[in-house]
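Visitor: I am new to protein models, and I would like to learn how to read one step by step. Could we look at one together?

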Amino acid sequence: MNNQQFWEQEYKKSQLVTQSHKPQKDFLRFIKWIKNNKHINLYSGITVLDLGCGVGRNSFYMADNYDAKVHGWDFSSDAIEKAQKFHSHELINFQMRDIGEKFPLGDNSVDIILDVTASNALNEKQRSIYLKECARVLKPSGFMYVRTLAKEGDKNAQKMVKEFPGGEYDTYMHPQLNVTERIFSGPDFKELYNQYLEVVRMERKTGYQAFGKQRYKRNYWNIYIKNKNA
Ligand SMILES: C[S@@+](CC[C@H](N)C(=O)[O-])C[C@H]1O[C@@H](n2cnc3c(N)ncnc32)[C@H](O)[C@@H]1O
């Protein structure tokens, strides 16, 4: 089973992913940070790109609260169908799309890019395309939020990398989920993303990955990024 098949199955019968429509809490803190620091005027008709949007909880939040124009992309047809059915919003364009392929958007056209626990499932080749595309479409004044899996302090992740290697650096094939995921050390993340963009803040937090009735302790990075050419 490849990652896409895993996610299709997951949305049909969820064990891992949330189908809640409440926005993700750490993403809300990023939006508050943008607002408090006046980095972007969120009420100025901004454009948001929600990569791996799932059922659209964070896309809906941006359109409902800030009248943002949102592109919500996910490669699960089921997730996109559920997002579209939840409520049709004239400002949101949900599309079935792979975020590891070229983005059909113009240069410097996006104010905020969201990647809420999505790109950690990309392979290296896809990640390189995704990074170049994020840097290309982000406006010079734009910001990006990434929530991803951390290596530091996550014994579960480090054990999986050793026992179930995923074939590329710091990846594992999750033994229960059959999905390949990348974990990042802080320095590795910075080195990679700083080639294209500029990491301005990184914070590590412990969270829980639910699977069925079980909950696994995991560490996540919350990363705030700006355009290198700002
Ligand atoms: C953990 S879920 C998070 C969903 C959403 N960001 C949220 O916060 O509710 C990860 C999502 O990324 C999507 N995804 C993973 N790899 C992808 C890819 N290569 N292209 C598009 N979507 C992808 C999955 O289908 C899934 O919906």
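This is a predicted model: local features need pLDDT of at least 70, side-chain atom pairs count only at pLDDT 80 or more; totals for chains, interfaces and linings use all residues.

Visitor: How many helices and strands does the protein chain have?

Guide: Helices (H or I, at least four residues) and strands (E, at least two) are DSSP runs, numbered from the N terminus. Here the protein chain has seven helices and nine strands.

Visitor: What does the radius of gyration say about the protein chain?

Guide: The radius is taken over C-alpha atoms, and the globule rule is 2.2 Å times the number of residues to the power 0.38. For 230 residues a compact globule would have a value near 17 Å, and the protein chain agrees because its radius of gyration is 17 Å. Along the principal axes, its C-alpha trace spans about 50 × 40 × 30 Å.

Visitor: Which residues of helix 6 are buried?

Guide: Buried means under 20% relative accessible area, exposed over 50%, and partly exposed in between, with a 1.4 Å probe and protein chains only. In helix 6, residues 155–163, the buried ones are Ala157, Met160 and Val161. Seen down the helix axis, they fall within an arc of 100° (taken from the directions from the axis to the C-beta atoms), so they line one face of helix 6. An α-helix has 3.6 residues a turn, so residues three or four places apart point the same way. On the other side of helix 6, Lys155, Lys159 and Lys162 are exposed.

Visitor: What do the buried residues of helix 6 pack against?

Guide: Contact means heavy atoms within 4.5 Å, and these buried residues pack against strand 6 (171–173) and strand 9 (214–226).

Visitor: Is Ser59 buried or exposed?

Guide: Ser59, which lies in helix 3 (residues 57–66), counts as buried because its relative accessibility is 0%. Leaving aside residues up to four places away in sequence, Ser59 touches Asp50, Cys53, Val70, Gly72, Ile92 and Phe94.

Visitor: Where does Asp67 lie?

Guide: Asp67 lies in the loop between helix 3 and strand 2 (69–74), and its phi is near 55°, a positive value in a residue other than glycine. With 53% relative accessibility, Asp67 counts as exposed.

Methods. Residues are numbered from 1 along each chain as its sequence is written. Side-chain values use heavy atoms; hydrogens and water are left out.
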